[in-house]
Amino acid sequence: MAFDYDKYLRPNKLPHIWCPGCGHGIVMKGLIRAIDTCGLKKEDTAIVSGIGCASRLPGYLDFCTLHTAHGRAAAFATGVKMARPEMNVILVGGDGDGTAIGGNHFIHACRRNINMTYIIMNNKIYGMTGGQFSPATPTGDKASTTVYGNPDPAFDIAKLAIGAGATFVARGTAFHANQIDKLIAEAIQHKGFSVVEILDDCPTTYGRRNKFKSVIEMMNHLKETTVPVKAAEKMSPEQLKGKVLTGVLYKEEKPEYTEEYAKVIQRAQAAK
Amino acid sequence: MAKKVAFLQGNEAAAQGALYAGCKFFAGYPITPSTEVAEVMSVELPKIGGKFIQMEDEIGAMAALLGGALTGAKALTSTSGPGLSLKQELIGYGCIAEIPCVIYNVMRGGPSTGMPTGPSQSDIMAAKWGTHGDHPAICLVPASVQEVYEETIRAFNLAEKYRTPVMIMPDEIVAHMRERIVFPEPGEIEVIDRTTPSVPPEQYKPYDTSFGDVPPLAAFGSGYKFHVTGLNKLPDGFPTTKAEYVQAEEERQVRKVEGNAADIMKWEEYLCEDAEIIVVAFGSTSRSARFAVDQARKQGIKAGLFRPITFWPFPEARLLELSKQVKAFISPEMNLGMCAGVIKGCIEGNAPILGIFRVDGEPINPDQIIDKMKEVK
Amino acid sequence: MSRYELRFSGAGGQGLITAGIIMAKAASIYEGRQAVQSQSYGPEARGGASKSEVIISDTIIDYPKVTKCDALLAMTQEACTKYSEDLKEGGVLLYDSDLVTKLPEGNFKRVGFNIINTAKNDVGREIVANIVALGAMVALTGQVSRENAEKAVLSSVPEAFIELNKKAFNMGFERALEASK
């Protein structure tokens with residue numbers, strides 16, 4: 001029987017705003033399947049976002065949804081989780097929102113290891129504002145503000161998350177649609193701050209400036225430039241050149257923030 | 001039984017007032033001269049099962065505050081000038097999404113880093129106009145340690161009652177001054193909680209104006225699912241650009257406060273009945289002014305003090321009335337004339353306003369005010 | 001009694017704000033009078049000029065700062081020079097005689113003794129110099145009783161340091177009386 005997405009959607013809020021060929025819808029469906037796998041109750045789950053195309057996602061989902069200001073999703077979500085640790089908190093957003101204007105909140109959410117899952121849809125561009133380069137735009141690429149080629153080096157978002165202390169970091173792509181739900185489900189089930197970077201495509205503002213003739217070409221690019229971590233173990237450095245790893249990149253058990261704060265409460269009450 | 005008394009600093013009193021009001025959540029970032037509030041809350045909140053979090057920056061603190069408040073918690077943050085500037089983005093979010101919370105801002109010298117340990121009263125316009133767009137503003141300006149305590153409780157009550165961020169802004173002198181405070185018994189001061197929905201979750205709309213200008217607010221995690229956004233929104237919380245909704249909603253958000261100004265405004269009149277010169281002063285400056293008024297009366301000058309305790313909404317109508325009886329107003333303030341400008345806006349040119357404006361980090365002393373009274377013809 | 005204005009001044013880190021708080025607490029909580037304490041300080045936690053002001057009165061105190069100083073404590077030369085200008089005629093200046101050598105002109109009482117060295121050598125810990133100074137200020141100003149001031153000191157310090165502070169307070173009180181003879 002086909003999976004019933006409708007029970008998690010707000011049908012009267014559709015159609016969504018995303019362009020034809022955009023991968024955000026693929027990610028949204030993966031997220032829904034993951035939520036279903038994990039059995040999260042709608043009224044006990046907050047889905048929090050910032051600003052941008054990807055950040056419109058919560059509006060389509062029938063949960064407690066919080067569409068915050070640009071870059072602030074992780075900080076709002078931290079407040080929600082801290083005040084009600086029993087809620088499931090999932091963050092969604094784009095690369096610019098999460099790692100440029102929201103970069104500080106992002107790294108500190110990683111550092112605290114607060115039990116939330118952050119899905120970053122990395123399409124390497126600011127889509128909603130018309131295609132300006134983001135911290136994830138590769139050097140040399142074209143954007144509306146780098147018509148002569150991007151002079152900036154790009155973040156490796158997964159590495160940034162690992163370096164900042166996230167205890168579960170995975171990467172998938174919009175092409176590998178059937179893996180997205182598995183990665184997100186594993187991230188949700190992990191206790192601690194989990195980050196799932198989904199390499200995504202923006203045909204409208206990135207693809208056409210960077211010589212991708214079609215969405216299919218962009219999807220093929222995601223396929224051809226990525227290698228699962230397992231497969232990469234058997235490959236030589238030459239074979240891996242220019243490839244990006246996908247799958248679960250990092251996993252570690254560490255004290256979780258709201259549980260640690262529960263101990264603070266115990267200590268404070270014992271000292272009273 | 002004798003009431004509990006203590007010798008407390010303004011900032012400590014704010015924290016105690018917040019606890020009396022039922023505050024269970026604090027998110028902040030260290031900044032001079034308000035940090036004592038965060039320090040006390042970090043000690044006291046966990047004792048009652050509340051939550052304290054020190055965030056990565058001022059914006060993050062304001063974001064976490066709103067997130068915590070959306071789960072139903074009464075929430076407090078403390079900051080000062082530069083932090084207030086940073087928080088403005090999300091103060092606007094709190095206004096449009098209608099999330100109750102309290103922002104305690106100690107006024108220090110500015111702009112920018114300014115004079116971190118010096119007193120000032122120069123954030124009062126930022127309290128009203130700091131964030132972009134039209135929005136409601138409530139700002140309280142206490143003048144004593146006891147009043148910081150009581151006005152912090154009132155700040156929470158107003159935030160909950162009108163479902164909006166409320167600012168309480170002592171100047172650095174009031175915030176760091178120590179005085180005896182008498183604690184009220186539990187129940188002695190009214191504590192207001194936000195109205196929660198009476199309808200079942202499937203019928204709930206977070207901005208349903210059929211319940212009046214202040215719609216009930218459900219808590220995340222309480223069985224209600226709904227959408228919150230910083231975009232202009234429909235009664236169900238979802239974004240809209242439909243002109244009729246945007247206009248009506250913005251007007252309602254402002255009307256919530258302006259239309260209830262009589263309930264929110266609070267001021268004190270001291271010897272104003274027959275006053276020919278009225279000193280309009282708030283915060284620590286009002287203490288110098290009262291001292292000056294007493295001295296002036298001894299010298300035969302008919303002086304009075306008008307002291308706003310709520311700065312926003314400003315008591316415009318009353319000042320207009322008083323403007324018809326006085327020879328002049330005097331506006332002593334630790335800024336370059338912000339309050340004088342506000343007074344000017346409401347007295348229709350009926351009386352001159354003589355300013356005493358200090359931004360050198362020193363308080364305005366009573367002698368300066370008396371000297372200014374003597375300039376009045 | 002009418003408005004009485006005290007100023008405790010010195011360098012940041014000398015505990016003068018604490019001394020002012022205890023004086024005000026003694027008046028407000030233990031003596032049942034009105035008191036307000038305020039302070040002014042620079043960004044330095046240590047060093048830099050620092051002052052703590054206390055107003056004591058039997059009626060409501062409006063203006064919380066010193067207008068004309070009745071009693072000034074100066075623990076450094078810098079503070080003495082900076083903060084003695086508004087010392088009242090007939091007022092009192094208490095200073096650390098090792099550190100303050102240039103005394104201001106004026107018609108007020110000057111009482112000096114080696115406050116910091118008294119703490120260091122006679123009480124045993126330099127850190128309680130502020131309490132030695134407080135004891136001396138209590139003796140010289142007569143605004144609060146010795147008993148109430150001592151109560152305020154003891155309620156403001158950690159359990160383990162009660163004896164040390166008691167000794168410091170009383171030694172300061174005695175030394176001030178001797179020095180003002």
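Predicted model: local features only at pLDDT ≥ 70, side-chain atom pairs only at ≥ 80, totals over all residues.
Colleague: Okay. How many helices and strands are there in chain B?

Modeller: Chain B has 13 helices and 17 strands. Its radius of gyration is 21 Å, close to the 21 Å that the globule rule gives for 377 residues, so chain B is as compact as a globular protein of that length.

Colleague: What does the C-alpha trace of chain B span along its principal axes?

Modeller: About 70 × 45 × 45 Å.

Colleague: And what percentage of chain B counts as buried?

Modeller: 59% of its 377 residues. Take the contacts in chain B between residues at least 6 apart in sequence: 76% of them join residues at least 24 apart.

Colleague: Which domains does the assignment give for chain B?

Modeller: Domain 1 covers 1-264 and domain 2 covers 268-374. Their C-alpha centres lie 28 Å apart.

Colleague: How many residues are in contact between those two domains?

Modeller: On the domain 1 side, 27 residues; on the domain 2 side, 21. Several elements of chain B supply at least two residues each to the domain 1 side, including strand S7 (115-119), helix H7 (172-176) and helix H8 (243-258). Helix H5(B) gives the most, with four residues.

Colleague: What classes do the residues on that domain 1 side divide into?

Modeller: The side of domain 1 that touches domain 2 has 18 nonpolar, five polar and four charged residues.

Colleague: Switching to the core. How many residues has the largest nonpolar core?

Modeller: It has 259 residues. Among those with the most contacts inside it are A:Ile119, B:Cys139 and C:Met137. Helix H4 (residues 129-141) of chain C gives the most to this core, with ten residues.

Colleague: Where does this core lie in relation to the two domains of chain B?

Modeller: Domain 1 (1-264) and domain 2 (268-374) of chain B both give residues to this core, so it lies between them.

Colleague: You mentioned B:Cys139. Which residues does B:Cys139 touch?

Modeller: Leaving out residues up to four places away in sequence, B:Cys139 touches B:Ile124, B:Ala127, B:Lys128, B:Met167, B:Met169, B:Phe311 and B:Trp312.

Colleague: On to chain A. How many residues of chain B are in contact with chain A?

Modeller: 36 residues of chain B, which meet 35 residues of chain A. Elements giving two or more residues to the chain B side include strand S2 (23-28), helix H2 (35-47) and helix H4 (81-97) of chain B. H3(B) gives the most, with nine residues.

Colleague: How do the residues on that side divide by class?

Modeller: The side of chain B that touches chain A has 20 nonpolar, ten polar and six charged residues.

Colleague: Which strands of chains A and B are joined by bridges?

Modeller: Strand S2 (residues 64-67) of chain A and S11(B) run parallel, joined by three bridges. A:Leu66 stands opposite B:Val228 there.

Colleague: Now chain C. How many of its residues are in contact with chain B?

Modeller: 17 residues of chain C, against 18 residues of chain B. H10(B) supplies the largest share of the chain B side, five residues. By class, the side of chain B that touches chain C has eight nonpolar, five polar and five charged residues.

Colleague: Which strand of chain B pairs with S2(C)?

Modeller: Strand S10 (residues 178-182) of chain B, in the antiparallel sense over two bridges. B:Glu179 stands opposite C:Val36. The bridge partner of B:Arg178 is C:Gln37.

Colleague: Which strand of chain C is joined to S2(C)?

Modeller: Strand S3 (residues 47-57) of chain C is joined to S2(C) by seven bridges, and the two run antiparallel. C:Val36 turns up again here, opposite C:Ile55 in S3(C).

Colleague: Why is S2(C) called largely enclosed by the rest of the structure?

Modeller: Count its buried residues. Six of the seven residues of S2(C), residues 34-40, are buried, so the strand is largely enclosed by the rest of the structure.

Conventions
Residues numbered from 1 in each chain as written. Chains lettered and ligands numbered in written order. Core = buried A, V, L, I, M, F, W, Y, C linked by C-beta atoms within 7 Å. Buried ≥ 20, exposed ≤ 12 C-beta atoms within 10 Å, placed from the backbone. Domains from an automatic or database assignment. Contact = placed C-beta atoms within 7 Å. Nonpolar A, V, L, I, M, F, W, Y, C, P; charged D, E, K, R; others polar. Pairing = 2+ DSSP bridges. Rg over C-alpha atoms; globule rule 2.2 N^0.38 Å.
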